[in-house]
Protein chains: 2
Amino acid sequence: MPDIRRYLPVLEWGRTYDRTALSNDLIAAVIVTIMLIPQSLAYALLAGLPPEAGIYASIAPIMLYAIFGTSRALAVGPVAVVSLLTASAIGQIAEQGTAGYAAAALTLAFLSGGFLMLLGVLRLGFLANFLSHSVIAGFITASGILIATSQLKHVLGVGADGHTLPEMIVSILAHLDEVNIITMAIGALTVAFLFWVRKGLKPLLKRLGASPKVADIATKAGPVAAVVGTTLAVWGLGLNAFGVKIVGTVPQSLPPLTVPGLSGELVQALLVPAILISVIGFVESVSVAQTLAAKKRQRIDPNQELIGLGAANVGAAFTGGYPVTGGFSRSVVNYDAGAETPAAGAYTAVGLAIAAVALTPLVFYLPKATLAATIIVAVLSLIDLSILKKTWGYARADFIAVVATILLTLALGVEVGVASGVVVSVLLHLHKTSRPHVAEVGRVPGTEHFRNIRRHEVETDPSLVTLRIDESLYFVNARFLEDLIQRRVAEGRDIRNVVLMFSAVNDVDFSALESLEAINQRLTDMGVGLHLSEVKGPVMDRLKRAHLVNDLNGKVFLSQHDAWVALGRLDTKKQRKPAAV
Amino acid sequence: MPDIRRYLPVLEWGRTYDRTALSNDLIAAVIVTIMLIPQSLAYALLAGLPPEAGIYASIAPIMLYAIFGTSRALAVGPVAVVSLLTASAIGQIAEQGTAGYAAAALTLAFLSGGFLMLLGVLRLGFLANFLSHSVIAGFITASGILIATSQLKHVLGVGADGHTLPEMIVSILAHLDEVNIITMAIGALTVAFLFWVRKGLKPLLKRLGASPKVADIATKAGPVAAVVGTTLAVWGLGLNAFGVKIVGTVPQSLPPLTVPGLSGELVQALLVPAILISVIGFVESVSVAQTLAAKKRQRIDPNQELIGLGAANVGAAFTGGYPVTGGFSRSVVNYDAGAETPAAGAYTAVGLAIAAVALTPLVFYLPKATLAATIIVAVLSLIDLSILKKTWGYARADFIAVVATILLTLALGVEVGVASGVVVSVLLHLHKTSRPHVAEVGRVPGTEHFRNIRRHEVETDPSLVTLRIDESLYFVNARFLEDLIQRRVAEGRDIRNVVLMFSAVNDVDFSALESLEAINQRLTDMGVGLHLSEVKGPVMDRLKRAHLVNDLNGKVFLSQHDAWVALGRLDTKKQRKPAAV
């Protein structure tokens, strides 16, 4: 049984499900359902799919996640960045609006779900950590810019395309003569209205005496109001006759049973994008889930999350959807509305299923410009250039990673951008550890403490050099250490002993071991003793296994002070150095 | 002046050059010249080039290295592994024996030299460190196997080809019917003779009263004796009439002035192999140079070495050669023969130039089987499978890297093999640091020391959890820490304070900072205090800049003991845990 329960968290929270939880979950579900209808339609538009795909992608996935997922507040469905990635991936192999395009979306969801479940079963969730916060922040910001730009064509009522910022801008400029004034008016007014809802409505409602919770939910209902308002306007004034593009007929149906195509050609073309979508979706989802779980002192299991999200995507593939993940805005709405268990997600799915059957005729006159406007306003909150300032002030390597990710994503598209970001951040990390901080230390007079001779007034002994190495030793910095010691020993003809202080060395890999052996050999040739001090238990165990400890021409001291006492000359001179950086 | 001197080490040792150094260098040069003649011919054969290319590649490069290099004993010229890489790179774009093949070798040398000089000027020598000792060891062993196998065809007198082990074996088996018995006899006898020289001659000479130095040099002259013996045999018995392939006409000439072709197509095809050859050649050369320099308490400058080797390769490109590097065997001969300065290299170059003009007719009857036999015996010393046992015992990650490099090099060729080795070792390193060792610590009774509760009998306090993190915190392990703390805090309802002991944390990157902020936020939501202790100076400076220290819901303690005193309950209970691994 424990095994089954591990893979089916529903068995755990289901046991204690009671009436209070039920009523809280139901209320949350109603609120979330209303929010999700325009959002689902809009993200389907962003992904280049028919509007119903967005609704379908919100039904089965949310139920499957409720069964397999570990977060109690996460709402799974279409999200902005994954929709953009979907459009970018499928756009390379099929034309938008064709049957092949929608079919490819199913395959993409299936591959993505399969990959997530595979990672989950193999417990390889840690692989997502290769996306550093800097790369994610840069990528999300660049995606926000790309998404907002991609929606401009709908707001202007022109036909344009492209998957990179330069392509999009050139394409929009080339089509500027086609601008539809009425469409543009609808789009601009909706954007303005949604901004006002964000910034002006909440304070207004509070002044009018509304409770913070009501004010909050009313604010989030802005897109619903915009959808209703502009749909009524188009219907009442017959604006579609003047060239305003509308959503049109959406089939009144429960999610259909679909079978993702798995031809070799299709799989080959979509495998890499599917992996990318999985990883990015997983990272987004886990951060949201973790943040919400912490608020209630719950925890999520990242490897089980992989299974939950994988099942959700496979579900999307078989029910006419496209790749999904746990979204930030929908999850926060769910949480704020008081959802207590994943059952709230299941009720939301039922709500959306009812909407799919009964309400789709109501969006016939909904202008695409309205949906585009809701996307633009939603993603502008993703664009956060303050990350540039923050990383610049904190660590140059992170700043470079952010800038590289943003520029490459904008210039070359989402896939190249995020992949380059990962490579750049790994290389920068390796570069950083390739030149570890090494302090030459001396004794603080009258104590057993040893500190950096460049920062403190300490006693030194010209025959004894002690180097404290502030990094694990491994292949990337092994040769650095060889060079450093060779240079330092070549400088001082009086040097009789070298002590390497290992207090901050957490690992010594085989390359570093060979370097230590080479250093030992070279120092032996020079008649200089090599000693170690303050070696940690696990590192010592390993070094013993390799016989370095036996071969060492010197000794291993438990503490640096022991080394100083054993190796120092009796006539130690006090040597003062100015404090320096 | 200091700048010029940095780039021209010759100006430094040239000033103190005296008669003793001159005579020592001259003696070394004569010995090395004699050794180098057969070796140069053999490596040219391995690279698929005409024999004179090996001689030419030993003349200008050795002189240019003498001017720009920093090692006093390194001998630069064709080496086995680089010759194999050359054959593999050019074999993909031209047929052996054609003019295009030799021309491509010049381009390869030029690109390789240019890349080395570029790295040197940009001081990027550390990039070579990405090749871990494990990958290099695996690669050298696999190359040894490939080289020996590739020479079997010459020993058997058959025509065969292929760049991977399976290809070579299949090709040799397919041509077995063409075996030339006389060629095979010459090859087998030479191999046997050279083995006897290695194992049996030295003890024999010593028993006969020869000095160790003479015995050593005589042993190394084995290939020269084999060349002379088999050449005389072929000439005297007219064996070439029976199908024994001979070296034939070698032009009597100084190195010609050649201009490497730089057409876009050629550069595109050879750029990646050139980079690979540069890096591998550099790594081989620097290890040899460092080992020899240490014996005389000299040092080499890796970035200047890049310039020296780069100049040598560019020189090879303009004088009919092919890619070169500092070779192990020739350098050791040079060192053992008493070379004192790089001038010895220049004299060797003069000796080889004389040989190129005057002695080439003498090798007309030299059988190719002899050269192949000298290569086989020379590279068998490269094959060192003990690395498998050593890494298995020391560190599993290194073992995997060695095995992956060996198998991929043998199965897919040298380029894929070494590139995969680098990727595998980087991934394994990142994986290792992705789950850092974290010890929950308690106080050793009666002291101010804090040790792992799983290894020692220590005092703990149920309201206070102290975690000592034995790794720098960066993006790959940032989320691991979040999960770990969330799990630990979810376990114990009594927990009021968490202390992270940072004594072994050498860096906190931006991702880890964000994780710490998230942890701080989550613990605040849970009403649990977050504190740090024993944070190193550089890490503290950085954290202060980021305001984490201000935002922390708890405090930063100088020592773990301060934290214990400030946060612990007065009624601390002694809690015993069994000692465990």
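The UniProt annotation "domain: STAS", taken from an unreviewed entry, covers residues 454-567 of chain A. The structure shown is a predicted model.

Glu482(A) and Arg522(A) form a salt bridge, with an N to O distance of 2.8 Å. Glu482(A) belongs to helix 20 (residues 475-491) of chain A and Arg522(A) to helix 21 (residues 510-526) of chain A, so the pair ties together parts that are 40 residues apart in sequence. Over all chains, the structure holds 18 salt bridges.

Confidence comes next. The mean pLDDT of chain A is 86, and 96% of the residues score at least 70. Among the elements of chain A, helix 6 (residues 99-121) has the highest mean pLDDT, 94, and strand 10 (residues 573-574) the lowest, 43. Over residues 570-581 of chain A, pLDDT stays under 50; for this stretch the model has 16 contacts beyond four places in sequence. For the complex, the predictor gives an ipTM of 0.74 and a pTM of 0.75.

The rest concerns how the two chains meet. The size of an interface is often given as the accessible area lost when the parts come together. Between chain B and chain A the buried area is about 6600 Å², and carbon and sulfur atoms give 54% of that area. In terms of residues, 76 of chain B are in contact with 77 of chain A.

Which polar and charged pairs cross the interface? The rule finds 4 salt bridges between chain B and chain A. One of them joins Lys432(B) to Asp507(A), whose closest N and O atoms are 3.3 Å apart. There are also 20 residue pairs in polar contact across the interface of chain B and chain A, with both residues at pLDDT 80 or more.

On the side of chain B that touches chain A, the elements giving two or more residues are helix 8 (133-156), helix 13 (264-295), helix 18 (386-394), helix 20 (414-434), helix 21 (475-491), helix 22 (510-526) and helix 23 (537-545) of chain B. The largest share, 9 residues, comes from helix 21 of chain B. By class, this side of chain B has 31 nonpolar, 20 polar and 25 charged residues.

Terms used
Residues numbered from 1 in each chain as written. Chains lettered and ligands numbered in written order. Predicted model: local features only at pLDDT ≥ 70, side-chain atom pairs only at ≥ 80, totals over all residues. Heavy atoms only, no water. Contact = heavy atoms within 4.5 Å. Buried area = accessible area lost by both parts, 1.4 Å probe. Salt bridge = Lys/Arg side-chain N within 4 Å of Asp/Glu carboxyl O. Polar contact = N/O pair within 3.5 Å; in protein donor to acceptor, adjacent residues only side chain to side chain. Helix = DSSP H or I, 4+ residues; strand = E, 2+ residues; numbered from the N terminus. Nonpolar A, V, L, I, M, F, W, Y, C, P; charged D, E, K, R; others polar. UniProt positions renumbered as here; feature names shortened; annotations may be inferred. pLDDT = per-residue confidence, 0-100.
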